[in-house]
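Please keep the sequence at hand while reading.

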Amino acid sequence: MVAAVPPATGLSAPPAAALRLVPGLEHGQRPLRCRVLRGGTVNRVWRVRSRQGEFALRVDGPAWHRPGVDRHRELTLHRAAAAAGIAPEIVATAHDGAVLVTRFIPGEV
């Protein structure tokens, strides 16, 4: 589980509590590489590289509370899509869904 993570608005780097969900960074290690990815309207996403691979790390921003955003439903659907091979594997989540870590899949936005 991750401690309370501050909203991602304006963050250039992910919160330490969120980074600890990334494989290879559980004990406060620094990422080998970390950069903000563009896109998204209610969260901030980073491409994070550790010694265990490359991951996408999403941290909710304050707008995730808006109508229509249902993190629990999203996780259920994402897991089904990953099992079907059409979405990246979910590696870790915060108990409230505010943080999501998936395998990084290169592509265009």
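Strand 4 and strand 5 form a hairpin, with five residues between them. In the turn, G97 has a positive phi of about 80°. This is a predicted model, and the values that follow are computed from it. A92 has V101 in strand 5 as its bridge partner.

Another hairpin is made by strand 1 and strand 2, with five residues between them. Here G39 sits in the turn and has a positive phi of about 105°. Strand 1, residues 33-37, pairs with strand 2 in the antiparallel sense over five bridges. R33 stands opposite R49 of strand 2.

Strand 2, residues 43-50, also contains R44. R44 counts as partly exposed because its relative accessibility is 26%. Its C-alpha lies 9.2 Å from that of S12, although R44 and S12 are 32 residues apart in sequence. R51 is in the loop between strand 2 and strand 3, the latter being residues 53-60. With a relative accessible area of 76%, R51 is exposed. R51 and P23 are 28 residues apart in sequence, and their C-alpha atoms are 8.3 Å apart in space.

The charged side chains come next. The structure holds seven salt bridges. One of them joins E54 and R47, at 2.9 Å from N to O. E54, at 23%, counts as partly exposed.

A salt bridge also connects the side chains of E74 and R58, at 2.7 Å from N to O. This pair links distant parts of the chain: E74 is in helix 2 (residues 71-83), R58 is in strand 3, and 16 residues separate them. R58 is buried, with a relative accessible area of 8%, whereas E74 is partly exposed at 26%.

The side chains of E89 and R103 meet in a further salt bridge, 3.1 Å from N to O. E89 lies in the loop between helix 2 and strand 4 and R103 lies in strand 5, so the pair ties together parts that are 14 residues apart in sequence. E89 is partly exposed, with a relative accessible area of 43%, and R103 counts as partly exposed at 33%. Finally, salt bridges with shared partners join R58, D60, R71 and E74 into one network.

Note on methods:
Residues numbered from 1 in each chain as written. Predicted model: local features only at pLDDT ≥ 70, side-chain atom pairs only at ≥ 80, totals over all residues. Heavy atoms only, no water. Pairing = 2+ DSSP bridges. Helix = DSSP H or I, 4+ residues; strand = E, 2+ residues; numbered from the N terminus. Buried < 20%, exposed > 50% of the residue type's maximum accessible area, 1.4 Å probe, protein only. Salt bridge = Lys/Arg side-chain N within 4 Å of Asp/Glu carboxyl O.
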